[in-house]
Amino acid sequence: MTSRVAFLNKFILEPRKIGSITPSSSFLTSAMLANLPWEHMETIVELGAGTGVFTHFIAEHKKASCQVLVIERDFAMRKLLRIAHPTFHYGAKAERLDWLLHRHNLPPADCIISGLPFAAFSKPLRREIVAAVHRSLKPGGIFVAFQYSLQMKKTLKSYFHKVHIDFVPLNMPPAFVYYCEKHSIAAIGGSVKE
């Protein structure tokens, strides 16, 4: 309950940064994360961690050798996450994701999990973040994100080899989950448009 109150307070103060009045539900968390290939992942990134709903799930399900980088712009929320998960790596800006991986001596990610409210961002920032995500994934890597609309469908399809969308009605508000896969081999004859 304390995390929900903190989340609501942040939403009231900065609604365009938070994007929702409540943290993600257990139904959404399960829909996004339960079927990921946890035993094969060596590097996981979380974008927009907030109060840590996904972060806690990652901590419980990752294998011991897996490294985790958590990105959260809000200083107070990031500080609480550091206390809860001191072995994880931390950063503030999703658009600098590839630089942050390099800074922490981490390889390209097997999976990037996003709770970022893309609808609250400018179009240039949305594309900058998605481009950074694409660069930061290893070939065959997975990007999983939820949104409250299909606004990101076209952008994600312009970057990723495969994009699958599920709908999770048991969340407040109901959400769409995007599962995106980076091509497992280098594209022939050019690069992805940014």
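Start by selecting Asn105, in the loop between helix H6 (97–103) and strand E4 (109–114). Keep in mind as you look around that this is a predicted model. Is Asn105 buried or exposed? Asn105 counts as exposed, at 71% relative accessibility. Its backbone deserves a look too: Asn105 has a positive phi of about 55°, although it is not a glycine. Most residues other than glycine have a negative phi, and most peptide bonds are trans.

That brings us to the next stop. Select Met172 and Pro173, and look at the peptide bond joining them: this bond is cis, with omega near -10°. To find your place, Pro173 sits in the loop between strand E6 (162–168) and strand E7 (175–181).

Now zoom out and show the whole protein chain as a cartoon. You can trace eight helices and seven strands. Of the 194 residues in the chain, 46% are buried. If you take the contacts between residues at least 6 apart in sequence, 65% of them join residues at least 24 apart.

Next, color two helices: H3 (residues 26–33) and H4 (residues 53–61). Two packed helices are described by the angle between their axes and the distance between the axes. Here the axes come within 11 Å and cross at roughly 50°, which makes H3 oblique to H4. The crossing of H3 past H4 is right-handed. Which residues make the contact? Show side chains for Thr29, Met32 and Leu33 on H3, and for Val53, Phe54 and Phe57 on H4. Sorted by class, this contact has five nonpolar residues, one polar residue and no charged ones.

Ala64 counts as exposed, with 78% relative accessibility.

For the last stop, select the cysteines Cys66 and Cys111. A disulfide is a covalent bond between the sulfur atoms of two cysteines. How many disulfides does a search of the whole structure find? The search finds zero. For Cys66, the closest cysteine sulfur is in Cys111, 9.1 Å away, so the two are too far apart for a bond. Cys66 is buried, with a relative accessible area of 3%. Finish with Cys180, which also counts as buried, at 2% relative accessibility.

How values were computed
Residues numbered from 1 in each chain as written. Predicted model: local features only at pLDDT ≥ 70, side-chain atom pairs only at ≥ 80, totals over all residues. Heavy atoms only, no water. Axes fitted to C-alpha atoms, helices over the stretch in contact; angles between N-to-C directions. Helix = DSSP H or I, 4+ residues; strand = E, 2+ residues; numbered from the N terminus. Parallel < 35°, antiparallel > 145°, perpendicular 65-115°, else oblique. Left-handed = near helix turned anticlockwise from the far one by under 90°. Contact = heavy atoms within 4.5 Å. Nonpolar A, V, L, I, M, F, W, Y, C, P; charged D, E, K, R; others polar. Disulfide = S-S within 2.5 Å. Buried < 20%, exposed > 50% of the residue type's maximum accessible area, 1.4 Å probe, protein only.
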